[in-house]
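Here is a short note to read with the model open beside you. Take the points one at a time, and find each residue on screen as you go.

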Amino acid sequence: MSATLARGTHAADKSFEALTIERRDPGPNDVQIDIAYCGICHSDLHTARSEWAGTLYPCVPGHEIVGKVSAIGGDVSRFKVGDMVGVGCMVDSCRQCPACDEGLEQYCQNGFVGTYNGATKDTPGHTLGGYAQRIVVDQDFVLQVKHPEAQLAAVAPLLCAGITTYSPLRHWKVGPGQKVGVVGIGGLGHMGVKIAHAMGAHVVAFTTSDSKRQAALDLGADEVIVSRNPDEMKAHANSFDFILNTVAASHNLDAYTSLLKRDGTMVLVGVPEHAHPSPNIGVLIFGRRSIAGSLIGGIAETQEMLDFCAEHGIVADIEMVDADGIDTAYERMARSDVKYRFVIDTATMG
Ligand code: NAP
Ligand code: ZN
Ligand code: ZN
């Protein structure tokens with residue numbers, strides 16, 4: 001075991017504090033990574049503040065991890081010391097169920113091991129995430145980063161926000177000739193706009209924040225709708241092929257399903273603390289519209305997404321924060337005051 005500096009919290013209502021945590025020595029299949037940057041996902045906030053059931057403390061969140069390989073186990077062939085790598089939301093899965101066989105580890109029927117708050121034999125019995133200076137991960141759950149090194153910090157959010165938006169856009173075959181909505185222009189949503197634009201779709205951003213109107217156009221949206229204005233919403237009735245809804249809070253889904261064309265689909269990726277009001281079934285039936293869900297993406301698809309983003313020059317728009325700024329970043333994220341992802345510089349943990 002070796003000690004590393006981290007930031008974590010001991011209870012839902014406690015601030016983040018400096019912790020020293022243990023990482024296992026790299027086993028034969030392990031990659032030890034010196035973490036340079038870690039993105040702050042809204043799921044980190046939901047977990048650290050116990051907005052979802054089952055948070056284990058101490059909680060060290062963080063699943064948008066990038067850094068460099070600092071040691072490898074004897075059986076590691078795909079990575080060498082010095083490689084730029086990433087780790088996303090999973091660090092293991094059962095590897096033998098039908099989902100794992102198909103490379104869909106996120107749907108592992110025996111439950112994947114989350115990068116934080118997952119079951120592990122390592123101390124303290126649950127996984128501790130990327131708000132730390134070092135992590136040790138099985139090579140099968142480590143991704144190669146091919147972006148220029150200068151972009152490394154802005155690559156971090158791709159490991160969750162990037163794959164969580166890329167996967168449904170691919171699965172529902174979004175492309176040229178389609179009108180695609182992205183709801184909620186936060187960490188996930190801003191990546192959804194960039195990726196859907198790169199896939200060739202006509203992209204419409206939905207935001208509750210008037211201040212993001214121009215910014216969303218700059219991200220690559222063809223149009224922006226401020227969803228608080230009913231007239232702007234009404235003008236787009238029955239016109240969308242696909243809507244990706246990333247909103248982190250409970251809201252009225254009918255406002256969006258009614259904008260879908262016949263046979264259109266709205267995919268929910270946000271996981272709010274409180275349930276959405278039940279959707280109007282008539283809106284779904286009259287138009288054969290669907291509401292679906294999607295969870296991150298598998299390891300192979302995460303690599304595909306990273307390579308796609310490297311080819312298209314896509315990174316996240318980030319605001320760098322020091323390790324002491326995590327609580328403030330959470331408060332701002334909870335108010336939708338983020339353009340568009342906070343990223344922790346782990347060098348400030350010392
Ligand atoms: P985020 O950065 O906080 O962005 C969420 C955005 O939703 C906000 O910036 C805001 O955008 C909009 N919003 C917030 N409250 C709203 C409200 N009451 N009504 C309408 N819009 C509202 O969060 P994130 O990191 O992108 O994560 C979004 C959600 O996805 C979280 O629930 C997170 O846990 C979940 N998530 C799911 C997966 C998955 O695999 N399915 C993966 C990662 C995260 P505007 O200012 O533009 O309105
Ligand atoms: Zn996340
Ligand atoms: Zn499995």
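1. Let's start towards the end of the chain. Ser336 sits in the loop that runs between α11 (326–334) and β17 (341–345); helices here are DSSP runs of H or I with at least four residues, strands are E runs of at least two, and both are numbered from the N terminus. The phi angle of Ser336 is near 65 degrees, a positive value in a residue other than glycine. At 35% relative accessibility, Ser336 counts as partly exposed (buried means under 20% relative accessible area, exposed over 50%, partly exposed in between, with a 1.4 Å probe and protein chains only).

2. A word on what you are looking at. This is a predicted model, in which local features need pLDDT of at least 70 and side-chain atom pairs count only at pLDDT 80 or more, while totals for chains, interfaces and linings use all residues. Residues are numbered from 1 along each chain as its sequence is written, chains are lettered from A and ligands numbered from 1 in the order in which they are written, and side-chain values use heavy atoms, with hydrogens and water left out.

3. Asn117 has a positive phi too, about 65 degrees, and is not a glycine. Look for Asn117 in the loop between β7 and β8. With a relative accessible area of 25%, Asn117 is partly exposed. Why point these angles out? Most residues other than glycine have a negative phi, and most peptide bonds are trans.

4. One joins Thr123 to Pro124, with omega near 5 degrees, and Pro124 belongs to the loop between β7 (113–114) and β8 (134–138). Another links Tyr57 and Pro58, where omega is about 0 degrees; Pro58 is in the loop between α1 and β4.

5. Which residues hold the zinc ion (ligand 2)? Its donors are Cys41 (SG), His63 (NE2) and Cys160 (SG), at 2.0 to 2.2 Å. Donors are N, O and S atoms within 2.8 Å of the metal (3.2 Å for Na, K and Ca), and sites may look incomplete because water is not among the atoms. Along the sequence, the donor residues follow the spacing C-x21-H-x96-C. Cys41 lies in the loop between β3 (30–39) and α1 (42–48) and His63 in the loop between α1 and β4 (65–72), so this pair ties together parts that are 22 residues apart in sequence. Cys41 is buried, at 3% relative accessible area, and His63 is buried at 7%.

6. Now turn to ligand 1. There are 29 residues around ligand 1, and those that come nearest are His42, Thr207, Thr208, Ser209 and Arg341 (a residue is near if one of its heavy atoms lies within 4 Å). By class, this shell has 13 nonpolar, 14 polar and 2 charged residues; Ala, Val, Leu, Ile, Met, Phe, Trp, Tyr, Cys and Pro count as nonpolar, Asp, Glu, Lys and Arg as charged, and the others, Gly among them, as polar. The helix α1 gives the most to the shell, with 3 residues.

7. Finally, some individual atoms. An oxygen atom of ligand 1 is 2.8 Å from an N or O atom in the side chain of Ser43. A nitrogen atom of ligand 1 is 3.0 Å from a polar backbone atom of Ser294. Both distances can be checked on screen.

Methods:
Polar contact = N/O pair within 3.5 Å; in protein donor to acceptor, adjacent residues only side chain to side chain.
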